[in-house]
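I opened my notebook for a walk through one protein.

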Amino acid sequence: MEIQTNELLRTIYEYVVIEDIILLIVKNDDYDALYIAYSVVIHSSSLLYLSDKIAKKLNKIILAVHVNHNLNKESKNWEIHCKNFCKDLRIPLKIINLNIVLNKGDSIEERAREDRYKFIYNLVTRRTVMMTAHHRDDQAETFVCQLLRGAGAKGLSSMPELKKIKKGYHIRPFLKLSKSDLNNIIKNNNLRYIKDNSNDDKKYSRNYIRKRILQVNEKK
């Protein structure tokens, strides 16, 4: 069912969408901390803002984790934005700087994703819930991407809401929400964010899928 945003549903976003999903998946006594993968864009800014509310309510530790891939000329400015955003909300911030080395035939998208998760997962303990802001649109992109790669049934199942990792849990609480829903959270709470200009570059497969396949289908 499509979620329509209004003043009443702001409470649902804040205390049901994230908190109930977490509590349905992980018992409250099984974790001490929420680690939030935080970039400068709409979805992760929404997630960090709402997660901070949940952490305070449940008396949990919260940590924002920003991975600087150092692949964009704006990377340092994004890092500064993250510092200021977290300072305003009084949220501790961990910054990871990557130096990505590509081998012949490597996809920069895949290598960046693999390195990002490697370093984030290394921070996680057995009593940590690590959350990423993947939303419904991301899920659709992942499905199309896997389909074009000829993935089997497992690959086409796309991203799970819960992933039990070696230490702790990886949860994607926004998978039932669209980017439009998250944009409304940003507007309703006057949150600052930055548009990642690399998301418009169609040389990257996900951007091509988003701009040339999914948007075309939405217009039909």
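Here are my entries, from the overall fold down to single side chains.

**Entry 1: the whole chain**

I noted first that this is a predicted model. I then looked up the secondary structure, which comes to nine helices and six strands. Next I checked burial: 44% of the 220 residues count as buried. I also looked at contacts with a sequence separation of 6 or more, and 74% of them come from residues 24 or more positions apart.

**Entry 2: the sheet**

In which order do the six strands of the open sheet lie? I read it off as β3-β2-β1-β4-β6-β5, with mixed pairing. At the edges I found β3 (93-97) and β5 (162-164), each of them pairing on one side only. From one strand to the next, the twist averages 25°.

I then followed β1 (residues 33-37) to its partners. With β4 (residues 128-131) β1 runs parallel, and four bridges join the two. One detail I wrote down here is that A33 stands opposite T128 in β4. With β2 the pairing of β1 is also in the parallel sense, over five bridges, and I36 stands opposite A64 in β2. A reminder to myself: strands of a sheet pair through backbone hydrogen bonds, either parallel or antiparallel.

How many of the eight residues of β2 are buried? I got seven, so β2 is largely enclosed by the rest of the structure.

Helix α3 (residues 42-58) does, touching β1, β2 (61-68) and β4, and its direction makes about 170° with that of β1. Helix α4 (residues 75-89) also packs on the sheet, touching β2 and β3, and its direction makes about 170° with that of β3.

Is α3 mostly covered or mostly uncovered? Mostly covered: I found 13 of its 17 residues buried. The residue that follows α3 is N59, and its phi is positive, near 60°.

**Entry 3: T128**

T128 is found in strand β4. Its relative accessibility is 1%, so T128 counts as buried, the cut-off being under 20%. Leaving aside neighbours within four places in sequence, I listed the contacts of T128 as Y31, A33, Y35, G168 and Y169. Taking Y35 from that list, I checked its distance: T128 and Y35 are 93 residues apart in sequence and 7.0 Å apart in space, C-alpha to C-alpha.

**Entry 4: aromatic pairs**

I searched for aromatic pairs and the structure holds two. One is formed by Y38 and F85, which are tilted, at 5.4 Å centre to centre with 35° between the planes. Why does this pair tie together parts that are apart in sequence? Y38 lies in the loop between β1 and α3 while F85 lies in helix α4, so the parts being joined are 47 residues apart. I found Y38 buried, with a relative accessible area of 3%, and F85 also counts as buried, at 5%.

The rings of Y117 and Y121 make a tilted pair too, with centres 5.5 Å apart and planes at 35°. Y117 and Y121 sit four residues apart in helix α5 (residues 108-123), which separates them by about one helical turn. Buried or partly exposed, I asked of Y121? Y121 is partly exposed, with a relative accessible area of 21%, whereas Y117 is buried, at 11%.

**Entry 5: lysines over rings**

The charged end of K60 sits over the ring of Y31, 4.3 Å from its centre. K164 lies over the face of Y169, at 5.0 Å from the ring centre.

**Entry 6: H81**

My last stop was H81, whose place is in helix α4. H81 is buried, with a relative accessible area of 8%. Which residues touch H81, leaving aside its neighbours within four places in sequence? I noted contacts with Y38, V40, R192, Y193 and I194. Y38 is already in these notes as the ring partner of F85.

How values were computed
Residues are numbered from 1 along each chain as its sequence is written. This is a predicted model: local features need pLDDT of at least 70, side-chain atom pairs count only at pLDDT 80 or more; totals for chains, interfaces and linings use all residues. Side-chain values use heavy atoms; hydrogens and water are left out. Two strands pair if DSSP finds at least two bridges between them. Axes are lines fitted to C-alpha atoms, for helices over the stretch in contact, and angles run from 0 to 180 degrees between N-to-C directions. Contact means heavy atoms within 4.5 Å. Rings of Phe, Tyr and Trp (its six-membered ring) pair if their centres lie within 6.5 Å; planes under 30 degrees apart count as stacked, over 60 as edge-to-face and the rest as tilted. Buried means under 20% relative accessible area, exposed over 50%, partly exposed in between (1.4 Å probe, protein chains only). A charge sits over a ring if NZ of Lys or CZ of Arg is within 6 Å of the ring centre and within 35 degrees of the ring normal.
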